[in-house]
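User: I'd like to learn how to read a model like this one. Can we go through it feature by feature?

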Amino acid sequence: MRSMRSLSIAAVIAIAFVSFLSMYTVNQTEQVIITQFGRPVGEPITSAGLHLKLPLIQQVMRFDQRYLEWDGPMVEMPTKDKTYVQVETFARWRIKDPMHYYLRLRDERSAQSRLEDILGSETRTAIAKHELIEAVRTNKARQPLLDESLTGASTGVGTLGVLHPIRYGRLEIEKGVIDAAAQKLGEFGIELLDVRFKRINYHPQVLERIHQRMISERLQIAQRFRSEGEGEAARISGKKERDINEIESTAYKRVQEIRGEADAKATEIYAKAYTQRPEAADFYRFLKSMETYHKIINKDATIVLSTNSDLFALLKRIEQKSGD
Amino acid sequence: MPLIVLILFAVIGTWTSFYTIPAESEGVVLRFGKYIYKVAPGLHFKLPFGIDSVIAVTIQRQLKQEFGFATPDYTNPDQVGTDPAKEQSMVTGDLNSVLVEWILQYRITESEKYLFAVREPGRTLRDISESVMREVVGDRTVDEVITVGRQDIEITALHRMREMAERYHLGVSVDQVQLKNVNPPEPVQASFNEVNRAQQDRENSINVANGEYNKTVPRARGEADRKIRAAEGYQFKRINEAEGDVTAFNAVLEQFVKAPEVTRARIYLETLGDVLPQAGQSVIVDESVQQILPMLPFPSRPVEGSQ
């Protein structure tokens with residue numbers, strides 16, 4: 001009896017142990033393949049939860065099911081226009097076919113190095129096939145907003161505020177890399193979600209020349225502003241002179257018109273009065289002569305009058321009488 | 001003995017059956033590693049002995065990522081990058097170089113996606129953000145990036161980042177992209193300032209010239225008005241005088257016509273009577289005397305009538 005009981009306890013423990021060995025869990029983030037003596041058997045298990053396997057002889061190989069990162073190192077490379085740039089690329093990928101992946105790569109470390117090889121070389125090829133601007137710009141049709149204060153008064157000379165034209169653009173180059181790499185990576189059971197340029201920058205040696213160009217470009221803008229200022233000032237000063245001349249000459253013209261009108265009117269009034277009847281003209285001449293005498297005779301004048309004059313006519317006659 | 005084992009079993013079972021989810025979070029429950037459901041904040045029950053496991057995810061909390069700079073004392077490990085100096089350097093669409101700093105505000109909205117779809121979702125979002133920002137800046141001129149285009153960049157980048165976050169199954173919602181400092185590279189900054197100075201100089205020249213204009217032209221206008229007024233005054237004067245003269249003349253003429261001879265003689269004599277005493281010297285010469293000229297010039301002293 002006693003040995004029966006201990007036997008049954010041992011059996012229960014053994015069953016529990018065996019069933020424990022034959023159960024395994026698959027996490028939500030994992031996918032699994034089962035290997036038997038190192039050789040994969042059956043289909044990969046991608047559903048999470050509790051699963052069964054043969055104890056001891058079957059092993060569980062776990063792989064990530066999520067999108068995994070690949071962050072490329074900074075690589076220096078020339079573009080088609082021989083500009084040296086530093087490019088950093090990143091990709092997101094997934095183990096799509098764990099069987100292939102396991103057979104060809106075994107683990108993630110060798111997958112990372114394969115990604116590095118393939119994506120690195122495809123990026124290099126793509127960059128070398130295009131000019132730098134193609135990898136920088138995206139939208140072919142985009143027109144830049146203009147900074148009113150910079151291009152304001154006159155339209156600028158030079159390339160300021162102009163986007164360099166492109167034929168392909170960044171997204172197309174990225175797509176080229178993806179298409180080329182996706183096929184190669186497919187053989188390793190890897191699905192490529194995306195490859196993108198994270199950073200594209202000038203090589204430090206090139207950068208110095210870029211800075212020089214930027215400086216000269218800015219100084220040229222500064223010069224244009226100063227020149228615009230001086231030009232505008234000259235224009236205002238010219239307008240000033242023009243306006244003053246216009247104002248003064250218009251005033252002169254008006255003054256002459258008014259004075260002329262006044263003189264004409266006065267002349268007309270006088271003429272009308274003096275010609276109203278025959279005696280008037282005669283009388284006017286007489287009056288005016290008299291008036292003129294008042295004006296022209298002063299203390300410096302010497303007047304010589306004949307005794308024949310109207311004033312002294314009497315004087316003469318009296319003298320003649322006494323003389324007779 | 002079996003009793004003690006049983007009690008121990010029960011205690012551990014109870015102990016591992018209860019859990020709490022803090023506020024602002026939600027619990028994602030896994031059974032044997034498989035996602036089954038989500039629970040709200042509070043006290044909850046689950047299957048013990050590691051059958052069920054729970055992951056608490058802080059949803060609703062605003063998270064931040066900084067690019068091109070790093071604020072110290074952060075709790076979110078994805079908040080700062082490894083090399084801010086490299087993050088900020090970019091190439092613009094006119095092939096200039098520019099330094100851009102920006103931040104990204106986001107929230108975890110779908111915790112099961114955030115946990116299970118992508119390994120390193122925070123770093124992936126950083127990569128997307130850098131890539132998108134360069135894409136957007138690469139389509140703009142350096143002046144747009146630094147001055148006029150900032151808002152446009154923020155909006156465009158936000159839309160692109162949302163699109164990408166969706167595509168990468170990140171389970172986050174990108175709420176805001178904000179540009180911080182945007183500067184030309186250090187060696188170029190002086191020349192950008194020079195442009196600002198030149199702009200000021202331009203305004204200054206124009207102001208000085210306008211000042212000169214305003215100083216002289218209104219005065220000239222006033223002066224011109226004065227001359228015209230003076231001429232108008234002359235006009236009134238001239239016409240009024242003429243009319244006055246004519247009125248006076250007409251009055252006298254009327255009387256003259258009545259007795260012309262007498263009036264003429266009277267006026268003549270009156271005039272001479274007025275005028276002759278004014279003269280310095282008066283000489284009366286007989287009409288028969290010839291050759292008066294040899295006697296002139298006369299002495300300056302007045303002389304009695306000769307002869």
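User: Where in chain A is the place of A:Arg106?

Analyst: A:Arg106 sits in the loop between helix H2 (98–104) and H3 of chain A. Before going on: this is a predicted model, where local features need pLDDT of at least 70, side-chain atom pairs count only at pLDDT 80 or more, and totals for chains, interfaces and linings use all residues. Residues are numbered from 1 along each chain as its sequence is written, while chains are lettered from A and ligands numbered from 1 in the order in which they are written. Helices (H or I, at least four residues) and strands (E, at least two) are DSSP runs, numbered from the N terminus.

User: What phi does A:Arg106 have, and is A:Arg106 buried or exposed?

Analyst: Most residues other than glycine have a negative phi. A:Arg106 has a positive one, about 70°, without being a glycine. A:Arg106 is exposed, with 11 other C-beta atoms within 10 Å. The cut-offs: buried takes 20 or more other C-beta atoms within 10 Å of the residue's own, exposed takes 12 or fewer, and partly exposed lies in between, with C-beta atoms placed from the backbone.

In chain B, B:Gln60 has a positive phi near 70° and is not a glycine either. B:Gln60 is found in the loop between strand S5 (52–58) and strand S6 (63–67) of chain B. With 11 C-beta neighbours inside 10 Å, B:Gln60 counts as exposed.

User: Which residues of H6(A) are buried?

Analyst: An α-helix has 3.6 residues a turn, so residues three or four places apart point the same way. In H6(A), the buried ones are A:Arg170, A:Glu174, A:Val177, A:Ile178, A:Ala181 and A:Leu185. They cover an arc of only 105° around the axis (taken from the directions from the helix axis to the C-beta atoms), which puts them on the same side of H6(A). Turned away from that buried side is a face with the exposed residues A:Asp179 and A:Gln183. Among what covers the buried residues are helix H3 (108–129), helix H4 (132–136) and strand S9 (190–202) of chain A, plus helix H4 (121–137) of chain B.

User: What span should helix H6 of chain A have?

Analyst: The expected span is 1.5 Å times one less than the number of residues. For the 17 residues of H6(A) (residues 170–186) that gives 24 Å, and the end C-alpha atoms are 24 Å apart, which agrees.

User: Now the sheets: in what order do the three strands of the open sheet in chain A come?

Analyst: The order is S3-S2-S5, with antiparallel pairing. Strand S3 (39–45) and strand S5 (58–64) of chain A are at the edges with a single partner strand each, so one side of each has no neighbour in the sheet. Two strands pair if DSSP finds at least two bridges between them. Strand S2 (residues 30–36) of chain A and S3(A) are joined by four bridges, and A:Ile34 has A:Val41 as its bridge partner.

Chain B also has an open sheet of three strands, S3-S2-S5, paired antiparallel. Seven bridges pair strand S2 (residues 25–31) of chain B with S5(B), where B:Ser25 stands opposite B:Thr58.

User: How many residues of chain A are in contact with chain B?

Analyst: Contact means that two C-beta atoms, placed from the backbone, lie within 7 Å. Here 102 residues of chain A are in contact with 99 residues of chain B. Helix H7 (residues 204–274) of chain A gives the largest share of chain A's side, 38 residues. Strands also link the chains: five bridges join strand S10 (residues 302–306) of chain A to strand S10 (residues 281–285) of chain B, running parallel. There, A:Ile303 is opposite B:Ser282.
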